[in-house]
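Hi everyone, thanks for coming. I'll walk you through one protein chain today, so please have a look at the picture before I start talking.

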Amino acid sequence: MDLNENEKSLIQAVSKGDEGIVRQLLCESNVSIDCCDETGMTPLMHAAYKGNANFCDLLIKNGANVNCNNHEYQYTPLMFAALAGSVETAKVLLEAGASTKATNKVNRTASQLGAFVGQHHVVSFINSFVPFEELEYFTKPHGLETEPKLPPLMARIFHKLLLNSNMNPCRIVIFLMDNKDLVDNWEIAVSMLELLCERSMKAQETNEIMSMRMHYFSYIIKAVVKHEDGPMAFLKHLLKGSEPNGVQIRMEQFIRQAIRSFPYHESTLFVQLVRNIAPVKLGDDPSSLSVLTTGINGHQSADFSDCCYTCGEKRANMKCSACKKVKYCDQRCQKFHWFTHKKFCKYFAEEFLREQKLQEAEENISQSANTCISEANISGETSDPKSEQ
Ligand SMILES: [Zn+2]
Ligand SMILES: [Zn+2]
């Protein structure tokens, strides 16, 4: 397709990540949102391939076709997101109605392409995605039912719960605090989750990951409701650190119990999780959170180095100013954690200093090693027979 200058610039700006220019060009009247470059890639496909969830969101809001497959090999935006390994991007696309079943020219779906390049996290996210239309079925009474299993007004928020890919229970508790409807109607939410848990196990194509996730969410909701003093108190219960290093023993116990209460003990996933957790002493590594995260989201996903200490969301970029070690999404997450962090902040500050010194020492060693190598090169050159001539 022949692109005009503005469309060419749009695709370029999307690839470069230049938000100002993208926004400006989207307002131009001669820019078609689904314009294709010489390989048939639309701006949305470029954004997905870069794993840029924000741009995908922006382009979709401006009318981009989320299931466009004009690409020369019939790749869809979701396939590009899978190749890029970006869960955030896949989430934006799926929420906007991207099909998980579309195939490219050689009959591969987005999740198969992701698996092929080892992007396990995004693969499991796509595989355990429940399209909203599937839930809509439950919003109408069937057979002898007088009431639907899922009241239509609850469907959107219930769907949002299912989209969560972060296995930290605190994330779900905070989600429930923000969506009280789910807590008020917890019986409905739990019975829907139990139903989906069972269906995933008994379906023709068993989906153990999906089943475990549904069970896990329902286990957390039940625990929040059962806790006498409400969701906030339960959040603090999970977050409370233990001496000497602030490790969250209660959360560890909670996740272990959640896994053990999974009803399908014969499933491969259950056996694998229990085997990995059973020999580990409470508080030691690997934590049950990392075992569960790996089991559900794949190997690369259990790196918590840039995660929020409260809710486990990735790309937390606010640090505690006192210890400079502990990270949070925002002030709210920091506030939730302060009651326990204040007891360990000094410990973390010391750990931060130790790490910094170690890093400096390593840099010094590698610097002096480099100097030695370059000196050796210089003396090597002078002793080179050719240069002596
Ligand atoms: Zn957070
Ligand atoms: Zn601190």
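This is a predicted model: local features need pLDDT of at least 70, side-chain atom pairs count only at pLDDT 80 or more; totals for chains, interfaces and linings use all residues.

Okay, the overall picture. The protein chain has 389 residues, and 44% of them are buried. Its secondary structure comes to 20 helices and 2 strands. If you put a box around the C-alpha atoms along the principal axes, you get roughly 100 × 65 × 40 Å. And if you take the contacts with a separation of 6 or more, 63% of them are between residues 24 or more positions apart.

Now the domains. The domain assignment gives domain 1 (5-127), domain 2 (133-293) and domain 3 (305-367).

As for salt bridges between domain 1 and domain 2, the count is 0.

So where do we find salt bridges? First, a bit of background: side chains of opposite charge can pair when their charged atoms come close. By the rule used here, the count comes to 10 salt bridges. I've picked some of them.

One is between the side chains of Glu145 and Lys149, at 2.4 Å, N to O. Glu145 is partly exposed, with a relative accessible area of 27%, and Lys149 is partly exposed too, at 39%.

Another joins the side chains of Asp178 and Arg332, at 2.6 Å, N to O. This pair links distant parts of the chain: Asp178 sits in helix α11 (residues 169-178) and Arg332 in helix α19 (residues 331-382), 154 residues apart. Asp178 is partly exposed at 42%, and Arg332 is partly exposed at 36%.

Then there's Lys325, which forms a salt bridge with Glu355, with the closest N and O atoms 3.0 Å apart. Lys325 lies in the loop between β1 and β2, while Glu355 is in helix α19, so the pair ties together parts that are 30 residues apart in sequence. Why does Lys325 count as partly exposed? Because its relative accessibility is 21%, and buried means under 20%. Glu355 counts as partly exposed as well, at 38%. Salt bridges that share partners join Lys325, Glu351 and Glu355 into one network.

Let's move to the backbone. Which residue does a cis peptide bond join to Pro244? That would be Glu243, with omega about 0°. Pro244 is in the loop between α15 (230-239) and α16 (249-260). The peptide bond from Asp285 to Pro286 is cis as well, with omega near -5°. You'll find Pro286 in the loop between α17 (268-277) and α18 (288-297).

Two residues to look at for phi. Asn107 has phi near 70°, a positive value in a residue other than glycine. Asn107 is in the loop between α6 and α7 (110-116) and is exposed, with a relative accessible area of 55%. Lys324 has phi near 60°, again positive and again not glycine. Lys324 lies in the loop between β1 (318-319) and β2 (327-328), and at 43% relative accessibility it counts as partly exposed.

Last stop: Leu289, in helix α18. Buried or exposed, what would you say for Leu289? Leu289 counts as buried, because its relative accessibility is 13%. Leaving out residues up to four places away in sequence, Leu289 touches Met167, Asn168, Pro169, Ile255 and Phe304.

Notes: Residues are numbered from 1 along each chain as its sequence is written. Chains are lettered from A and ligands numbered from 1 in the order in which they are written. Side-chain values use heavy atoms; hydrogens and water are left out. Domain bounds come from an automatic or database domain assignment. A salt bridge is a side-chain nitrogen of Lys or Arg within 4 Å of a carboxyl oxygen of Asp or Glu. Helices (H or I, at least four residues) and strands (E, at least two) are DSSP runs, numbered from the N terminus. Buried means under 20% relative accessible area, exposed over 50%, partly exposed in between (1.4 Å probe, protein chains only). Contact means heavy atoms within 4.5 Å.
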